[in-house]
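I am opening a page on the charged side chains of this structure.

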Amino acid sequence: MKIKIASILILQLLFISCSSTISTVKKEYTLNNSKELKSDWTINSKEWILKKDTLTGNGSLSPWGVLVSKKQLPENYEIDLKVNMTGESLFEIMLNLDKGKYIRTYLYQIDQNIVIGDGIYDKKDDSYGKRGGKTLFKKPMKLENNKWYYLKIKVLNNQLYFSVDNKTSIECSIEKSSLNQKGKLGFITNGEVKITGLKIKSL
């Protein structure tokens, strides 16, 4: 009986580790240590580091600091994190990155907006026009450096919901806006940013 239970547990672990998505119905993904960062994400160690429970990214106007997951996001998912832009003006979450296109969900201090947009990403070229993209939806919000913000993103039945501090939110239909319906997760910064409490779960 013990051998049977152990076999089932091993098979479940193999199923989770071999999954092509960054989270599964059985497991909420959290980023806890440097080993996971190296195995689950495509990184430049000069741009992104994980110490204790805080992920720190460093970028510039050129190049941006970029971190991309190696696995796909689920079809329906929820992402929670806390972020602090300690330097410069932009923090961007790349959603459904696939074949050089992605959904832009970001905080932009210069315009004092939270934004949903249509993005392009050429990993071999960080020149103007090869990364970023146009704004589709935005909402005004006072944004500051050295302040923690709680971000929640939900994608359910092709509807995207993006909120900051449970106060300011925007949403849109992914399909009607002709945005990517599948792909990977990524982060972009044009300065220094700190991320903690990252959770990704299937819905």
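**Salt bridges**

I began with Glu144, which counts as partly exposed because its relative accessibility is 32%. I kept in mind that the model is a predicted one.

Next I looked up the partner of Glu144. Lys142 forms a salt bridge with Glu144, and their closest N and O atoms are 3.9 Å apart. That passes, because the cut-off is within 4 Å. I then checked Lys142: with 61% relative accessibility, Lys142 counts as exposed.

I moved on to Asp80. The side chain of Asp80 meets that of Lys152 in a salt bridge, at 2.8 Å from N to O. I noted where the two sit: Asp80 is in strand E6 (residues 77-85) and Lys152 in strand E11 (residues 148-156). They are 72 residues apart, and the pair links distant parts of the chain. I found both Asp80 and Lys152 to be buried.

I also asked which residues are linked with these two in a network of salt bridges. The network holds Glu78, Asp80, Lys152 and Lys201.

My next entry is Glu92. Its side chain and that of Arg104 meet in a salt bridge, with 2.7 Å from N to O. Glu92 lies in strand E7 (residues 90-98) and Arg104 in strand E8 (residues 101-108), so this pair ties together parts that are 12 residues apart in sequence.

Last, I took down the total: the count comes to six salt bridges.

Conventions: Residues are numbered from 1 along each chain as its sequence is written. This is a predicted model: local features need pLDDT of at least 70, side-chain atom pairs count only at pLDDT 80 or more; totals for chains, interfaces and linings use all residues. Side-chain values use heavy atoms; hydrogens and water are left out. Helices (H or I, at least four residues) and strands (E, at least two) are DSSP runs, numbered from the N terminus. Buried means under 20% relative accessible area, exposed over 50%, partly exposed in between (1.4 Å probe, protein chains only).
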